[in-house]
Amino acid sequence: MTGPAALRYGESPMTFVSKTTAFLARAAAGAGLAAALALPGAALAGAIDQLHAFASNTQSARGSFSQVTRGASGQAAPAQSGSFSFQRPGRFRWEVAKPYEQLIVSDGKQLYQYDPDLSQVTVRDVGQAIGSSPAQILFGSGSLEQSFNVAEQPERDGLQWLRATPKTPDAGFSRVDIAFKDGLPARLELLDAFGQTTAITFSGIARNPQLSQDSFRFTAPAGVDVVHMGGQAPAGGR
């Protein structure tokens, strides 16, 4: 992809959220990392156990990410980097800083995608945007096994891996592999239905910090086009 309108997460940012970060948003009503690290032998636990501990004991987190997307032919889109934070249930903020700014915010009910270069905000219901997606796994609150078939994978690069395969054919991706180290998510690799691979590396994760609720609220700047997907305006006139 070329230019700010095409970059997003190597694809449309909303597609990434509904695919890659929804795995993390319905998973966000759980809790997480602090308990995982407090458990004896947590560093030796398999990826599935570490994921369940993360989802059960981490109420909030923040950190940084870098992301590279490759097409089916292997050609890479420009690398992206930025920061993220989440608070269960269902609130998260995914902010791309480079090479083009973009912001995705969920207040638990509505999900806002703001593209400054296009002067446009797209608003979706959280359930519509996230559904059975990767964001559901890390940020969400439901039972992972209800939406995905989950299996341990061989250790790779010193990390414990799991593979989640959606149970429904309309998820928009074929599988997502998630790596854990010492109770923390370290990497995520998503293969979509078109053979495109998105690889995300997480770093600097802080567990259970105090986060301002303002981080999960969004008000469209003056003069920006607001597009409501599904025909409903969000509550509060955002």
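Select residues 21–43 to begin: in this predicted model, pLDDT stays under 50 across the stretch. Colouring the whole protein by confidence puts both stretches in context: the average pLDDT is 79, and 72% of the residues score at least 70.

Now move to the largest nonpolar core, which has 28 residues. Show the side chains of Trp 94, Leu 138, Leu 162, Phe 180, Leu 188 and Phe 202, the members that touch the most others. To see the elements around them, select helix α4 (47–57) together with strands β1 (60–70), β2 (80–87), β3 (91–98), β8 (159–166), β9 (173–181), β10 (184–192) and β11 (197–207); each supplies at least two residues of this core.

Centre on Phe 180. Which residues does Phe 180 contact, leaving aside neighbours within four places in sequence? They are Ala 47, Gln 50, Leu 51, Phe 54, Leu 138, Leu 159, Gln 160, Leu 162, Pro 185 and Ala 186.

Another core lies apart from the largest one. It has eight residues, including Val 105, Tyr 114, Val 123 and Phe 218.

Finish at Val 176, in strand β9. Is Val 176 buried or exposed? Val 176 is buried, because its relative accessible area is 0%, and buried means under 20%.

Technical notes
Residues are numbered from 1 along each chain as its sequence is written. This is a predicted model: local features need pLDDT of at least 70, side-chain atom pairs count only at pLDDT 80 or more; totals for chains, interfaces and linings use all residues. Side-chain values use heavy atoms; hydrogens and water are left out. pLDDT is the predictor's confidence in each residue, from 0 to 100. Contact means heavy atoms within 4.5 Å. A nonpolar core is a set of buried Ala, Val, Leu, Ile, Met, Phe, Trp, Tyr and Cys residues joined through side-chain atoms within 4.5 Å. Buried means under 20% relative accessible area, exposed over 50%, partly exposed in between (1.4 Å probe, protein chains only). Helices (H or I, at least four residues) and strands (E, at least two) are DSSP runs, numbered from the N terminus.
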